[in-house]
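User: Got a model here that I'd like to walk through. Can you take my questions as they come?
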Amino acid sequence: MTREEKSIAIQDLTAQLAETKIIYVADISGLNASTTSDLRRACFKAGIKLEVVKNTLLEKAMEASENEYGDLPSILKGNSAIMIAEVANGPAKIIKEFRKKGEKPVFKGAYINEEIFIGDNLLDSLVAIKSKEEVIGDIIGLLQSPAQRVISALKNQFKDEE
């Protein structure tokens with residue numbers, strides 16, 4: 001890869017990092033072609049962009065980015081793939097699902113809404129993160145509950161008067 005190609009790759013990665021608030025870094029090395037294809041297909045269906053990257057290029061893109069990645073560059077050893085998503089727990093769910101069949105992909109770390117998560121031991125915690133839509137649904141459910149009780153009480157009151 002020439003210097004110019006590296007520079008273009010860093011600019012592209014920096015632009016991708018600037019456009020998202022959710023980035024997972026995983027090791028997918030050692031997956032056979034079929035499993036890798038299945039992983040890519042699952043990511044595509046979930047709206048997740050999966051891309052194998054060179055660690056040095058990703059590290060330089062993180063340095064050039066306006067976002068603060070903290071210790072995340074320290075995990076960029078060995079093989080790395082980034083998963084860029086709109087839903088915070090989407091990549092974690094896919095990684096966990098694929099881990100039922102084998103040891104890979106290995107979760108290395110994530111940048112989620114300015115928070116840094118490092119270590120495979122955090123995967124279950126990340127799976128449990130609720131999406132924006134799930135939180136909104138929970139809030140609406142909580143708000144509807146008292147109103148439904150009032151309506152139910154009023155209906156019962158009117159039945160008693162009849």
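Predicted model: local features only at pLDDT ≥ 70, side-chain atom pairs only at ≥ 80, totals over all residues.

User: Good. How do β2 and β3 pair, and over how many bridges?
Analyst: β2 and β3 (residues 80-84) are antiparallel, with 5 bridges.

User: Which residue in β3 stands opposite L50?
Analyst: M83 is the residue across from L50.

User: Zoom out. In what order do the strands of the sheet come?
Analyst: The order is β2-β3-β1-β4-β5. These 5 strands form an open sheet with antiparallel pairing.

User: Which are the edge strands?
Analyst: β2 (49-53) and β5 (115-118). Each of them pairs on one side only. From one strand to the next, the twist averages 20 degrees.

User: What holds strands together in general?
Analyst: Strands of a sheet pair through backbone hydrogen bonds.

User: Now helices. Which strands does α4 lie across?
Analyst: α4 (residues 90-99) lies across β1 (22-27), β3 and β4 (106-112). Its angle to β1 is about 20 degrees.

User: Switching to Q16. Where is Q16?
Analyst: Q16 sits in helix α1, which spans residues 3-18.

User: Is Q16 buried or exposed, and why?
Analyst: Buried, because its relative accessible area is 15% and the cut-off for buried is under 20%.

User: What does the Q16 side chain make a polar contact with?
Analyst: The side chain of K49, at 3.5 Å.

User: And which residues is Q16 in contact with, leaving aside neighbours within four places in sequence?
Analyst: K49 again, plus E51, I82 and I84.

Conventions
Residues numbered from 1 in each chain as written. Heavy atoms only, no water. Helix = DSSP H or I, 4+ residues; strand = E, 2+ residues; numbered from the N terminus. Buried < 20%, exposed > 50% of the residue type's maximum accessible area, 1.4 Å probe, protein only. Polar contact = N/O pair within 3.5 Å; in protein donor to acceptor, adjacent residues only side chain to side chain. Contact = heavy atoms within 4.5 Å. Pairing = 2+ DSSP bridges. Axes fitted to C-alpha atoms, helices over the stretch in contact; angles between N-to-C directions.
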